[in-house]
Structures are given as C-alpha cells and as structure tokens.
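These are my notebook entries on a single structure.

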Amino acid sequence: MKEIRITEKEAGQRLDKFLVRYLPEAGKSFLYKMMRKKNIVLNGKKCTGSELLQREDSVKLFFAEDTLQKFMGGAAAKEKKSYPSLDQSLIVYEDEQILAINKPVGMLSQKAEESDISLVEYVTGYLFSSGALDEEGYRTFHPGVCNRLDRNTSGMVLAGKNNASARALYAMFQQRSMEKYYLALVQGEMRESRRIKGYLRKDKATNTVTVSQQEMPDAAFIETAYEPLACNQGYTLLRVELITGRTHQIRSHLSYIGHPILGDAKYGNRRVNEAFRREYGLKYQFLHAWEVVFPELKAPLEGLSGKTIQAPLPEQKSRILKALGLTFQDNSNESAGKR
C-alpha cells in the first residue's frame, strides 16, 4: 500500500486527473475500476474521481509494489537529466508561485513538434535544478507556460510553479482580468491614443489573418488600444494593450490602419523592413510583450495583488530606438521585482 499526502502543489485538482498523472501507465478505465473496488481511496473512503483535492488529503493506493512501480513508470528520472538549463538572466520575476520570463526572439513558447526545445523545457529544467520540482512532484505536475508568444515576438511569458498557481494564471488569461501591454515600433508618426475595433479572420493554410471593419464569415471581433510613447523621423513607439487576444492581432490590426510594425514579414512593408535589416540587423517584428499589471488576487497568488512586472527590451531593440531618437521612461530593470 502507498499513501500520498496532498500538498499545496497538488491541491485544487480533480482526483482522477491527479491519478492519471501519478500513474501514467495505468489507463483511466483501470483507475476508475480501482476506485469502485476501493483499491484507491480518498481519506479512507470510497471515491469517484470527481473530488477536488485539498491540502493534507490522503490518497491510498492498495497495489502490490511491483504493480505500483509498473504503473508509475520511470519517465521522470530519465527526463530530469534531459531538460536544458535556463539562462537565469531571462527571469524578470520569481516568487514561490510563479516565474516571469523574458522570452528571446527565436524561442518557441511551446513545442510545435516532438523534437522541439521550447520555453516549457527550459522552465522544467530550471524548476528541477532550483529544487522547486522533484521527481515525485513531476508525476502530478508537468510545468507549462500560461501565455504564448509568437516565436519571433520577444517578452513576458508567465509560468506557474505548481498546479494551483498555474490554474490561477490560466484563469486570469482566459478571463482577461490582468492588464497586458506590448511595445511596438511602427511606421508613421502617431500622436494620439486610440482604441480601435474590427473583425479578424484566420487562414489556417497560410497562418495569416485578414482584418476588416465589417463582419466577415468566420471572423472574430477584435479590439486594440494604443498609446504613443515617442515619435521621430517618421516612426512611433507604441504601448499597445490587447483588449481581445487573437492570432496576430496587434500585427495585423496596426498594419490595417496603415501603421505596420517594423520588421514584420507577414504584415509589414517589405522595402522598409529590408532597410532596417541592412541598417540594424532587424530580422523579425519589433514587438515585445513588455508589462503585466495584476488585479487584487486571492490565494495562491495574493502576493501578486496590484503588482506590475516589466520585461526589459532586448539590447538590439533598445539600440534601434536610441538610433531613431525614440526615448521613453523604461523602468523595467528597476521594477521587475525579481527575487
């Protein structure tokens, strides 16, 4: 028999989901059968799997040791050794619950193919190496990222360090209860803040989108707000807020109103992009997930209540702004709040 005491890291999830993660080789139907037969019990009582686990709950598995080991598998120990090391200078904030990482251009947020190495793998490696995650914990919690950026967009990506904090972060992104701001360098001088609306339709075959002022079949409503921070020499640095969050929304929406992002191969100006590539080495869109502002929060994220976290611009983008004479108040390095 094995008894598992639920910690804060596992609390808040359904029992059946916990069991699937803890016994990945067992199969769902087998686990439900074991619960019906009371070979798996919760706090000494028969369970169905739909129960939400609480801290200090007791889950008992009445299996023979060899059966238990077979169902648990040995993947965690093997995988622990294979995860890459995260450059800790990319961590802009960390506490007991979350990580905020300044993702560089070129790094995937999540795997596109099995062979890919993404930010998820770097986060997992960091949690293992820092002691925030061990092989036992890995059985029931596989780290992930709670928001995604395009491969060639830099900036803030958030990750929960346990199941409870990851679920809370996911919920905030889904409910849009936090404020998210981007920095974008665009063509044209824009001197007034605006909130713009439209409709966006995605073409899956080309992975591009089309924006229109009128409703289109299969199109989603979009809303984007922007504030000019600096403008000079025919270019403007914008602080952009996503009111809705759709594929390529900022890039396509700004291009639609005649102010494409510099370096954007899909929605930008090819001639201007080529000039910036030659002059500054800018190969990808000048778009950076810069800042998040958290609302008042309850446990487990109460420590983030009212906090603002910023991810500093990459050196190349800062250099371009300086060359164009575009200056703005950037307190990213001072206000990130990194532990």
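Entry 1: I began with Thr-153 and set aside its neighbours within four places in sequence; Thr-153 is then in contact with Lys-103, Gln-285 and Leu-287. I took contact to mean heavy atoms within 4.5 Å. The model is predicted: local features need pLDDT of at least 70, side-chain atom pairs count only at pLDDT 80 or more, and totals for chains, interfaces and linings use all residues. Residues are numbered from 1 along each chain as its sequence is written, and side-chain values use heavy atoms, with hydrogens and water left out.

I located Thr-153 in the loop between helix H6 (135-138) and strand S6 (154-160). Helices (H or I, at least four residues) and strands (E, at least two) are DSSP runs numbered from the N terminus. The side chains of Thr-153 and Gln-285 are joined by a polar contact of 3.1 Å. Such a contact is a pair of N or O atoms within 3.5 Å; within protein, one must be able to donate a hydrogen and the other to accept it, and residues adjacent in sequence count only if both atoms are side-chain atoms.

Is Thr-153 buried or exposed? Thr-153 counts as buried because its relative accessibility is 2%. The cut-offs are under 20% relative accessible area for buried, over 50% for exposed, and partly exposed in between (1.4 Å probe, protein chains only).

**Entry 2: the largest pocket.** I noted about 1200 Å³ of space in the largest pocket. Of the 36 residues that line the largest pocket, Arg-148, Leu-149, Asp-150, Arg-246 and Thr-247 are the closest to its centre. A pocket, on a 1 Å grid over the protein atoms alone, is an open set of points where a 1.4 Å probe fits, with protein on both sides within 12 Å along at least five of seven lines; lining residues have an atom within 4 Å of a point. Grid points are joined across faces, edges and corners, and a volume is the space filled by probe spheres set on the points.

Helix H7 (163-175), strand S7 (179-187) and helix H8 (249-256) each supply at least two residues of this lining.

**Entry 3: the second largest pocket.** For the second largest pocket I recorded a volume of about 240 Å³. It is lined by 16 residues, and Gln-13, Arg-21, Asn-163, Arg-167 and Tyr-170 lie nearest its centre. Helix H1 (15-22) and H7 each supply at least two residues of the lining, and the largest share, four residues, comes from H7.

**Entry 4: helix H2.** I found Leu-31, Met-34 and Met-35 buried in helix H2 (residues 28-36). Seen down the axis of H2, these buried residues fall within an arc of 100°, so they line one face of the helix. The arc is that of the directions from the helix axis to the C-beta atoms. The buried residues of H2 pack against H1 and S2, whereas Ser-29 and Arg-36, on the other side, are exposed.

**Entry 5: backbone angles.** Just after H2, Lys-38 takes a positive phi of about 65°. Asn-43, not a glycine, has a positive phi of about 55° and lies in the loop between strand S2 (40-42) and strand S3 (58-61). Asp-218, also not a glycine, has a positive phi of about 65°; at 77% relative accessibility, Asp-218 counts as exposed. Finally, I noted a cis peptide bond between Ala-299 and Pro-300, with omega about 10°.
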